[in-house]
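Student: I am meeting this protein for the first time. Could you guide me through its structure by way of questions and answers?

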Amino acid sequence: MNCYSDTPLSKFLTPLKLFVSLKAESFWRWRNRENYLILGGHIYFQTLSAAVQLDLFSLLDEKGPLTEEEVAQALNLEKQPCTILLLGLTALKLLVKKSGHYKNSKFARAVYSRCSAKNMIDIVKWQHFINYKPMYHFYESLRANTNTGLKDIPGGDEPYLYGRLTHHPELEKIFQDAMHEISLRASENFATYVDLSASRFLIDVGGGDGTNIINLAKANPELRAAVFDSKTVCKIAEKNIAEKGFSSRLGAIQGDCFTTPFPQEADTILFCHFFTIWSLEENLQILKKAYDSLPSGGRAIIFNMMQHNDHTGPILAAMGSPYFLTLATGKGMLYTWDQYIERFKAAGFKDIKTQRLPSDHGVIIGTKP
Ligand SMILES: C[S@@+](CC[C@H](N)C(=O)[O-])C[C@H]1O[C@@H](n2cnc3c(N)ncnc32)[C@H](O)[C@@H]1O
């Protein structure tokens, strides 16, 4: 069937109309690119995750640019799946295709290749192996106001992700490696900003693998410090501390922030990426416990990503908060500066100081009079 009417005018108008609609559509797509990225977020994340698991970015960094056939052969993929993967990565601007050869974009080289010292590979693995399936239950969690996504992390009946991870050494390692990457970036700025010259002994509550106290010890040659965390995490921290040669000044203390007394000799109690786990009431409870345990002049310090006071962002706070509701504990989120400051005051701390830092992070310090 001929779809065109054969009058001379319509012969001219039809291609023109088609041209205009195609232009309008591509403008609309360009304007709404973010919306497509949201709509296909699960697919685009899996595209990235597959490339990371195949270590494609490191391959291209070392041996690229490569043709599709060369990539397929190196990754042991059939031709069509390889085409699908390369199409996704190129459309997402993680790869650049030129003269039939693929190479990493500048961004992909910086954050997804092993050759880059500050890559985010472990963060992608954390998102894939721990967070991805549980996040499917976000709607249920909103309704129930609890972490219904935890059912996807089997083993044990602990109500929080951290307890469940103790049954899965391989997942716990993935989790701590991701925290290490997050903290490595953020805690350099923190170590530069916070003056710890007056601190004799610092404990890092929920200190994880020790990345933060190792950075602090590098910047403060006199500082003694310890991670205060669960038994299995303390083992990971002790190993890291020993490998970095800090065992004479740093250590790990097994404890629970609610039930184990904080060591009396600690004059500085640090909470890095920790208060986001708990409800505001629990945060106040922990701050009061810290206040009671500290000597006069002792300090409590929060170091975290902060939410804007007017609840409009930043985007990383919007990304992290559903994770705390749906999976981690069902109680926390990324709180605002004012919410933390209020709790510091309610716990009795005075002389409260705040400092904005890069990566949407911030520090709040309170002193016990
Ligand atoms: C989000 S991670 C933060 C790790 C580290 N502070 C950082 O900045 O990378 C939370 C840590 O808190 C620990 N944790 C969870 N519940 C805890 C509790 N009740 N008492 C002490 N530590 C706890 C976890 O084992 C984990 O290492």
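Student: How many helices and how many strands does the protein have?

Tutor: The model is a predicted one. Its C-alpha trace spans about 90 × 45 × 40 Å along the principal axes. The secondary structure comes to 16 helices and nine strands.

Student: How far apart do the C-alpha centres of domain 1 and domain 2 lie?

Tutor: The protein is divided into domain 1, residues 32-112, and domain 2, residues 187-367. Between the C-alpha centres of these two domains the distance is 37 Å.

Student: What percentage of the residues in the protein is buried?

Tutor: Among contacts with a separation of 6 or more, 66% join residues 24 or more positions apart. Of the 369 residues in the protein, the buried ones make up 37%.

Student: Within strand 2, which side chains point to the buried face?

Tutor: Strand 2 covers residues 101-104, and its side chains alternate between two faces.

Student: Which residue in the hairpin of strand 1 and strand 2 takes a positive phi?

Tutor: Strand 1, residues 95-98, pairs with strand 2 in the antiparallel sense over four bridges. The hairpin has two residues between the strands, and the residue with a positive phi, near 50 degrees, is S99.

Student: Against which elements do the buried residues of helix 4 pack?

Tutor: Helix 4 runs over residues 56-63, and its buried residues are L56, F57, S58 and L60. The elements that these buried residues pack against are helix 3 (41-54), helix 5 (68-75), strand 2 and helix 7 (106-112).

Student: Which residues does I203 touch?

Tutor: Leaving aside residues up to four places away in sequence, I203 touches A225, A226, F228, I253, F262, P263, A266, I269 and L270.

Student: What covers the buried residues of helix 12?

Tutor: In helix 12, residues 211-219, the buried residues are T211, N212, I213, I214, L216 and A217. The elements covering them include helix 11, strand 3 (201-205), strand 4 (224-229), helix 13 (231-243), strand 5 (250-254) and strand 6 (268-272).

Student: In strand 7, what is the bridge partner of F271?

Tutor: Strand 6 is mostly covered, with five of its five residues buried. Strand 6 pairs with strand 3 in the parallel sense over four bridges, and it pairs with strand 7, residues 299-305, in the parallel sense over five bridges. Within strand 7, the bridge partner of F271 is I302.

Student: Why does F303 count as buried?

Tutor: F303 lies in strand 7. Not counting residues up to four places away in sequence, it touches F190, L270, C272, H361 and V363. The cut-off for a buried residue is 20 or more other C-beta atoms within 10 Å. F303 counts as buried because its number of C-beta neighbours inside 10 Å is 28.

Student: Why does V363 count as buried?

Tutor: V363 lies in strand 9, residues 361-367. Among the residues it touches are F190, I301 and F303. V363 counts as buried because its number of C-beta neighbours inside 10 Å is 20.

Student: Which residues come nearest to the ligand?

Tutor: The shell around the ligand divides into nine nonpolar, seven polar and two charged residues. Helix 11, residues 169-193, gives the most to this shell, with three residues. Of the 18 residues around the ligand, those that come nearest are M179, G206, G208, C272 and H273.

How values were computed
Residues numbered from 1 in each chain as written. Predicted model: local features only at pLDDT ≥ 70, side-chain atom pairs only at ≥ 80, totals over all residues. Near = placed C-beta within 6 Å. Nonpolar A, V, L, I, M, F, W, Y, C, P; charged D, E, K, R; others polar. Buried ≥ 20, exposed ≤ 12 C-beta atoms within 10 Å, placed from the backbone. Pairing = 2+ DSSP bridges. Contact = placed C-beta atoms within 7 Å. Domains from an automatic or database assignment.
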